[in-house]
Amino acid sequence: MRKDFLWGGAVAANQCEGGWQEGGRGMALVDVIPYGPHRMPVMQGRMDYRSLPEDCVYPGREAIDLYGHYQKDIALFAEMGFRCFRFSFSWSRIFPTGEETKPNQEGLRFYESFIDELRSHGIEPVVTLCHFDIPLNLVDKYGSWRSRKVIDFYLNYCESVFRYFKDKVRYWITFNEINMLMHLPFMGAGICFREGENETAVKYQAAHNELVASAYAVKLAHEINPQFQAGCMLAAGSVYPYSCHPQDVWESMKKDRETYFFIDVQARGEYPYALTL
């Protein structure tokens, strides 16, 4: 194996961190996604989490409690031969409401300790800035990524962590599976639809705002430390037609365009013509 090849594993704060009320962390999107029959309607943005029954269970609040015993977990990663570990910051652990001008120092110190522990085992940290994770206050007050104002809150968060970890983290991912908001709008981007609104228009407006935020974040990262390597992540798979019938072929092309739209914007710097048809 080449010495510069990064082999390891990946998780997200919303999947495993827990510690949802510790260290000054604020409420986040993941904290209101329940287990059970209401899970999918909430993730799809078709059921408001505020209307959920009181007895709902929210597994993301405790998860596997990586927050409480990360040292032991990281030692196991090292035993497995990990050379890198991709994880995400919980945005609301650093900016509890998302609107603060200064970060929560206890949250920064937690991630600093986490990163130092990785490095002590020779494991390169790869940090995702937003992995289906946004302070719940920004969802409630601004409608999450449907609002352009959230771009500024996101960039304030990005600048804070870029500066704080500029000598400890080299690899950054702006958004995990940025296109997932097209499929699970609330889980992917905190979008809950209102009665009668154009859902497609809302999703593409949110996508536009995230793409703008991602571009500015990458620019900011390179300004703070030219050695940073920053980019975005896509959940993608080619769609094959069910048959050679022209209608099936056309449908598969449309699905591919929906996915590759996100790559086209980031790689070419403009919206693809096919999207306007």
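Predicted model: local features only at pLDDT ≥ 70, side-chain atom pairs only at ≥ 80, totals over all residues.

User: How much space lies in the largest pocket?
Analyst: The search runs on a 1 Å grid over the protein atoms alone; a pocket is an open set of points where a 1.4 Å probe fits, with protein on both sides within 12 Å along at least five of seven lines. Grid points are joined across faces, edges and corners, and the volume is the space filled by probe spheres set on the points. For the largest pocket this comes to about 330 Å³.

User: Which element gives the largest share of the lining of the largest pocket?
Analyst: Lining residues have an atom within 4 Å of a point. There are 15 of them, and Tyr204, Lys254, Arg257, Glu258 and Leu275 lie nearest the pocket centre. The largest share, seven residues, comes from α10.

User: How do the residues of that lining divide into nonpolar, polar and charged?
Analyst: Ala, Val, Leu, Ile, Met, Phe, Trp, Tyr, Cys and Pro count as nonpolar; Asp, Glu, Lys and Arg count as charged; the others, Gly among them, are polar. The lining of the largest pocket holds nine nonpolar, one polar and five charged residues.

User: Is Arg25 buried or exposed?
Analyst: Arg25 sits in the loop between α1 (13-16) and α2 (39-43). Buried means under 20% relative accessible area, exposed over 50%, and partly exposed in between (1.4 Å probe, protein chains only). Arg25 has 11% relative accessibility, so the residue counts as buried.

User: Which side chain does a polar contact of 2.9 Å join to that of Arg25?
Analyst: A polar contact is a pair of N or O atoms within 3.5 Å; within protein, one must be able to donate a hydrogen and the other to accept it, and residues adjacent in sequence count only if both atoms are side-chain atoms. A polar atom of the Arg25 side chain lies 3.1 Å from the backbone oxygen of Trp20. The 2.9 Å contact is with the side chain of Asp31.

User: How far apart in space are Thr128 and Phe175?
Analyst: Thr128 lies in strand β3 (residues 124-128) and is buried, with a relative accessible area of 0%. Beyond four places in sequence, its contacts (heavy atoms within 4.5 Å) include Phe87, Ile173 and Phe175. Thr128 and Phe175 are 47 residues apart in sequence, and their C-alpha to C-alpha distance is 6.5 Å.

User: Why does the pair of Phe261 and Tyr271 count as stacked?
Analyst: Rings of Phe, Tyr and Trp (its six-membered ring) pair if their centres lie within 6.5 Å; planes under 30 degrees apart count as stacked, over 60 as edge-to-face and the rest as tilted. The count comes to 33 aromatic pairs. The Phe261 and Tyr271 ring centres are 5.6 Å apart and the planes lie at 20°, so the pair is stacked.

User: What is the phi of Ala63?
Analyst: Ala63 is in the loop between α2 and α3 (66-80). Its relative accessible area is 33%, so Ala63 is partly exposed. Although Ala63 is not a glycine, its phi is positive, about 50°.

Technical notes: Residues numbered from 1 in each chain as written. Heavy atoms only, no water. Helix = DSSP H or I, 4+ residues; strand = E, 2+ residues; numbered from the N terminus.
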